[in-house]
Amino acid sequence: MQSKGTTIKDALARWTEKNKEAGTDVKVSEATVVKLYFQVPPIEKMDASLSTLTACETLSLSTNCIEKIANLNGLKNLKILSLGRNLIKNLNGLEAVGETLQELWISYNNIEKLKGIQTLKKLKVLYMSNNLVKDWSEFDRLHNLDNLVELLMVGNPLEEKHSAEGDWRDRATKPLPHLKKLDGVPIIKQDEEEEEAED
């Protein structure tokens, strides 16, 4: 008999149980932080039970076996979504949180294309290391993210190739004028250096 993955509903029931044991009797619908990472057996699907998380601002589903982003429409307050270490292949499904999401942590997945990222109008932080992005045409989709201040792309074929060639930082930061940190290293822009010299 093949073991079925943990459903979101089961994971939320466990979460509620755990909180009760810890003496915090928070309803799932009122919780602002919900962590469902590393479930055993792993979660395979972001199912409709997620829509009960109406107050949730931080949702962690990392270290599972989720293949696609789905059912985020009820999460009207979601600011941080953590989906690292899953089997996600694309960014479809994010439009539901396009108006609120500020941080997307999606490292260690199988993402090659960034189509859909532009719906995240308020995105400030994108952790996307160790994925499969290899074309500048995909990277260019980040240009529309006017609030993006921190980007992590280490371990993508594009970053590896251009880091080896020595032009990664310049090419990656030039089209992203608001970026303050790339791959964990602060970006110091020319005009800031000049201003400091004048002070």
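Trainee: How many bridges join strand β2 to strand β3, and what makes them a pair?
Mentor: In this predicted model, three bridges join β2 (residues 58–60) to β3 (residues 80–82), and the two strands run parallel. Pairing requires at least two bridges, so β2 and β3 count as paired. Within this pairing, Leu59 stands opposite Leu81 of β3.

Trainee: What sheet do the strands form, and why are β1 and β8 called edge strands?
Mentor: Eight strands, in the order β1-β2-β3-β4-β5-β6-β7-β8, make up an open sheet with mixed pairing. The name edge strand goes to β1 (33–35) and β8 (185–186), each of which pairs on one side only.

Trainee: Why is the pair of Phe139 and Trp168 called edge-to-face?
Mentor: Their ring centres are 5.6 Å apart, which is within the 6.5 Å needed for a pair, and their planes meet at 70°, which is over 60 degrees, so the pair is edge-to-face. Phe139 belongs to helix α2 (residues 136–139) and Trp168 to helix α4 (residues 168–173), so this contact ties together parts that are 29 residues apart in sequence. Ring pairs also link Trp136, Phe139 and Trp168 into a cluster.

Trainee: How do you know whether Phe139 and Trp168 are buried or exposed?
Mentor: Phe139 has 0% relative accessibility and Trp168 has 3%; buried means under 20%, so both residues count as buried.

Trainee: What makes the charged end of Arg85 sit over the ring of Tyr108?
Mentor: The charged end of Arg85 is 3.9 Å from the centre of the Tyr108 ring, and the distance limit is within 6 Å. The charge is listed as sitting over the ring.

Note on methods
Residues are numbered from 1 along each chain as its sequence is written. This is a predicted model: local features need pLDDT of at least 70, side-chain atom pairs count only at pLDDT 80 or more; totals for chains, interfaces and linings use all residues. Side-chain values use heavy atoms; hydrogens and water are left out. Rings of Phe, Tyr and Trp (its six-membered ring) pair if their centres lie within 6.5 Å; planes under 30 degrees apart count as stacked, over 60 as edge-to-face and the rest as tilted. Helices (H or I, at least four residues) and strands (E, at least two) are DSSP runs, numbered from the N terminus. Buried means under 20% relative accessible area, exposed over 50%, partly exposed in between (1.4 Å probe, protein chains only). A charge sits over a ring if NZ of Lys or CZ of Arg is within 6 Å of the ring centre and within 35 degrees of the ring normal.
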